[in-house]
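Student: I'd like a close look at one part of this protein. Could you walk me through it?

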Amino acid sequence: MAMKLFELVGEDVARPFSPFCWRIRMALAHKGLPFESHPVAMSDKSAIAFSGGSDTMLESAAILERWRANQAPYLQASGDLDHPVDPARLGSSDMGNVSLALPTIHPFVAICGPGVPGHTVEFRDAAAKPPADEATLLAATLIAQTAWDLLAEPTLVEAAWREFRAARG
């Protein structure tokens, strides 16, 4: 089954203008992975409409388990714990929408101490400090490791899709 690549386009649907779409296209071509392009026009409000929040988030247990396995050595090395995120402290997220279309995870890597809510001056100030840089690099590493696992292990992808289909009914 070919992956679906949703690409932001202008008037010419044959020429996606987002550099992110082009990067993904090049990566898929490099890996020889088949995909179907699905152009989405900037003006297509129904395709990009806000759903109202992330209270519908469906996290893939199969993918999240792999993320946590990749995360474990870093947590053991730092002595940090994997604290659950308080849903009351979260804002809306388009990941809730994405999770209704395909197996998804929305892990969090803290850039500052507990009790600092996002979208605050304290959070902004913390984001400009070295611990935030380190946390961001760790998050990027974990994303890459988990993505590699998904590319290298078709059974993991199959398990995630089975779980997704069962959850969606």
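Student: Is F164 buried or exposed, and at what relative accessibility?

Tutor: Keep in mind that this is a predicted model. F164 comes out at 11% relative accessibility, and since the cut-off for buried is under 20%, F164 counts as buried. Now look at its partner. The structure holds one aromatic pair, and it is made by W161 and F164: their ring centres are 5.4 Å apart and the planes meet at 85°, so we call the pair edge-to-face. That angle clears the cut-off, as edge-to-face asks for over 60 degrees. Both W161 and F164 belong to helix 6, which covers residues 154–168. They sit three residues apart there, or about one turn of the helix.

The charged end of R25 sits over the W22 ring, 5.4 Å from the ring centre. R25 also turns up among the contacts of E7, along with P16, C21 and S37. E7 itself is part of strand 1, residues 3–9, and at 1% relative accessibility E7 counts as buried. Its side chain makes a polar contact of 2.3 Å with the side chain of S37.

Note on methods
Residues numbered from 1 in each chain as written. Predicted model: local features only at pLDDT ≥ 70, side-chain atom pairs only at ≥ 80, totals over all residues. Heavy atoms only, no water. Phe/Tyr/Trp six-rings, centres within 6.5 Å; stacked < 30°, edge-to-face > 60°. Helix = DSSP H or I, 4+ residues; strand = E, 2+ residues; numbered from the N terminus. Buried < 20%, exposed > 50% of the residue type's maximum accessible area, 1.4 Å probe, protein only. Lys NZ or Arg CZ within 6 Å of the ring centre and 35° of its normal. Polar contact = N/O pair within 3.5 Å; in protein donor to acceptor, adjacent residues only side chain to side chain. Contact = heavy atoms within 4.5 Å. Lists of a residue's contacts leave out its neighbours within four places in sequence.
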